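These are my notebook entries on one structure. I set down what I looked up, term by term.

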2 protein chains.
Amino acid sequence: MAVTIRDVATLAGVSPSTVSRTCKNNPSISEETKEKVRAAMAKLGYEPNFQASNLASQNSRTIGIVLPASERSMYVNSFFLEMIRGITMYCNSHQYITTIIADETEEDALQTVRSMIRNGLVNSFILLYSKQKDSIIDFLHSEGVLYALIGKAYQFANQTIYVDTDNIQAGKDATEHLIQRGHTKIGFIGYEKTLLFSSDRRYGYELAHLEHGLPIHPDYHITVEHTPNQLPETLSKLLNYPNRPTAFVVADDFLGVALEHYCQQIGLVVPEDISIISFNNSLFAQLALPPITSVDINSIQLGMEAATQIINHAENPKLAATKIIIPHQIVEWGSCKKL
Amino acid sequence: MAVTIRDVATLAGVSPSTVSRTCKNNPSISEETKEKVRAAMAKLGYEPNFQASNLASQNSRTIGIVLPASERSMYVNSFFLEMIRGITMYCNSHQYITTIIADETEEDALQTVRSMIRNGLVNSFILLYSKQKDSIIDFLHSEGVLYALIGKAYQFANQTIYVDTDNIQAGKDATEHLIQRGHTKIGFIGYEKTLLFSSDRRYGYELAHLEHGLPIHPDYHITVEHTPNQLPETLSKLLNYPNRPTAFVVADDFLGVALEHYCQQIGLVVPEDISIISFNNSLFAQLALPPITSVDINSIQLGMEAATQIINHAENPKLAATKIIIPHQIVEWGSCKKL
DNA sequence: CAACTTAATGCAACCGCTTGCATTAACTAT
DNA sequence: ATAGTTAATGCAAGCGGTTGCATTAAGTTG
């Protein structure tokens, strides 16, 4: 059996409680004894037992990571894994562990979350998505469970911790990237407006126009379904337009790739005829031909920061809910031509 | 505070141990009392406390999922997430939980694994990769810790549980897919032979040739670096060859996309001039233009099966190490032309 | 009917750590 | 020297289950 706090205590010639307090670096233990205890721990190769500790202190150092309920397709987005990686790396180095909730439906996920809370396994969560209305958030909020969102908070916005990209700024930056290269006729392709990241990026796109005194053409704005099997007809109209855009800001790399393919099919060359800038800087952008210039949103850091916040709040319950913005940067892959 | 086993016991008019035994469906409790107890549990909404149970029974129902140590790039492969999803879905529905280990270096990961074992948090692992020589496997094996591999076992092959694709068969099937469409000059593009999945797929490719009485051209076989920034010069030679292949089997979708781009650049049209079939059926294949026909290896199922095996073995320690083969199937996306 | 099984349940000691409170020792102040 | 502080440590009762063994009641046998 593993070495316990008692073994350490006997070796150090103190009581178990002293050892326990030493681990927690409790100030009421003298530096001298602490040293003795630490020496004993080192000699025995002591590792504290998590389960016991959690049980006794009634708090599980375990964070549940909730993936969006969905079918296969959505998961392909590599930043989920990157966020998970950011979270777990931070957690593991802070003696926290994580557990994944990846159910197929929101109901199932809610069920999983609920039972994890009830059986004491998990007492804080990070959701890797944000939606207008989410039953899991409702539940967590009503139970007073600590949670953080990666993305923008819709519900209970002032009371929730969230870590996000400044999508408005990102949209503006992307647009300015094109403006700086001489483009003035810039289109925007995004998703329906309930997907806030998309509409925020668009808003930034409009801001950039305003600031640079460029007109905003309503025709230049295209909306596609959530899963863009194919681009809408409006796009083909727009591209046949005599006065068509010379560049596009598109809401993410998927759309970027889709747009690029579309251009190819109708004989337009990227970036010679059409410049493209998209978001996320995923491998999809990099593997496209030509690769698509994209705004990197630093997903690993999003995850790390979310973990940091959760752990801080777990250990410091009176902290107010923080909002964190992670910086982004444009990665030029060559799909933006200078006019 | 949550409802405990004692509350249930009082309500049911039995002792705590009886409640505990009822949970475990212990045969020495009469059906009659069990019913009483279950009714009480239901009435109180009782959920067993994991931590307490684990502590008392000295076994943590937690499985560690180890991702390959690596930098950002490798993670993009969506099947990691899919495997995680398969694992967690199975685990969550069997009262097991999972935790992710996603460190940047093998050493860090080993350290994380080691301390998770020592502090009793985790006592079995699933590795989402396989390598010729891995210090984590060495460690787990030497400590007698239960683990499973997704991929082929190199070390201690007879004693380890692994879940894998039959890559030889898959390679053969892919090749036959082309042969059936009239191709006789078929190339193969793969990775260095230490990546067993690649060499196995190639072996299957050769088998298909043998069985169909087709000659194997050594020139038709191209090897690329692990991270294919660009395809090797030998490929360009091969494609300029008067007698060049009309089709290629390539080791994964990345290579498939790379090949397709390469063809485009030198003016060859897929599938008219060159047919391509690759493996994994990832979104990369689907988003390519044209989409690339690919062998789906059912990653979610790989994960589920690994979890199944680990849980079986955890609850039944005398079981011998199993090897599981998950079926694959070709998904035709239109990159294979009938001659 | 006494002696003996057998089946069903309860007792109580853990699992390894935490923590409020008591205890002890060493000081200070009067 | 006595009472009053203060600092450092130990005691012991949990946390919520598990489980070997004891106990009790019912059933069997000669």
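Entry 1, a pair of strands in chain A. I looked up strand β6 (residues 186–191) of chain A and found that it pairs with β7(A) in the parallel sense over four bridges. I noted that two strands count as paired if DSSP finds at least two bridges between them. Helices (H or I, at least four residues) and strands (E, at least two) are DSSP runs, numbered from the N terminus. Within this pair, A:Gly190 has A:Thr223 of β7(A) as its bridge partner.

I recorded the basis of the entries: this is a predicted model, in which local features need pLDDT of at least 70 and side-chain atom pairs count only at pLDDT 80 or more, while totals for chains, interfaces and linings use all residues. Residues are numbered from 1 along each chain as its sequence is written, chains are lettered from A and ligands numbered from 1 in the order in which they are written, and side-chain values use heavy atoms, with hydrogens and water left out.

Entry 2, the sheet around that pair. I read the strand order in chain A as β7-β6-β8-β9-β10-β12, an open sheet of six strands with mixed pairing. β7 (221–224) and β12 (329–331) of chain A are the edge strands; each has a single partner strand, so one side of each lacks a neighbour in the sheet. From one strand to the next, the twist averages 20°. Helix α11 (residues 253–265) of chain A lies across β6, β7, β8 (247–250), β9 (275–279) and β10 (293–296) of chain A, and runs at about 160° to β9(A). Contact here means heavy atoms within 4.5 Å; axes are lines fitted to C-alpha atoms, for helices over the stretch in contact, and angles run from 0 to 180 degrees between N-to-C directions.

I found a cis peptide bond between A:Val270 and A:Pro271, with omega about 5°. A:Pro271 belongs to the loop between α11 and β9 of chain A. The bond from A:Leu289 to A:Pro290 is also cis, with omega near -10°, and A:Pro290 sits in the loop between α12 (283–287) and β10 of chain A. A:Gln95 is not a glycine, yet has a positive phi of about 60°.

I read an open sheet of six strands in the order β2-β1-β3-β4-β5-β11 (chain B), with parallel pairing. Its edge strands, β2 and β11 (323–326) of chain B, each pair on one side only. Strand β1 (residues 62–66) of chain B is joined to β2(B) by five bridges, and B:Thr62 stands opposite B:Ile97.

How many residues of chain B are in contact with chain A? I found 54, facing 56 residues of chain A. The two chains bury about 5200 Å² between them, 61% of it on carbon and sulfur atoms; buried area is the accessible area (1.4 Å probe) that two parts lose on being put together, summed over both.
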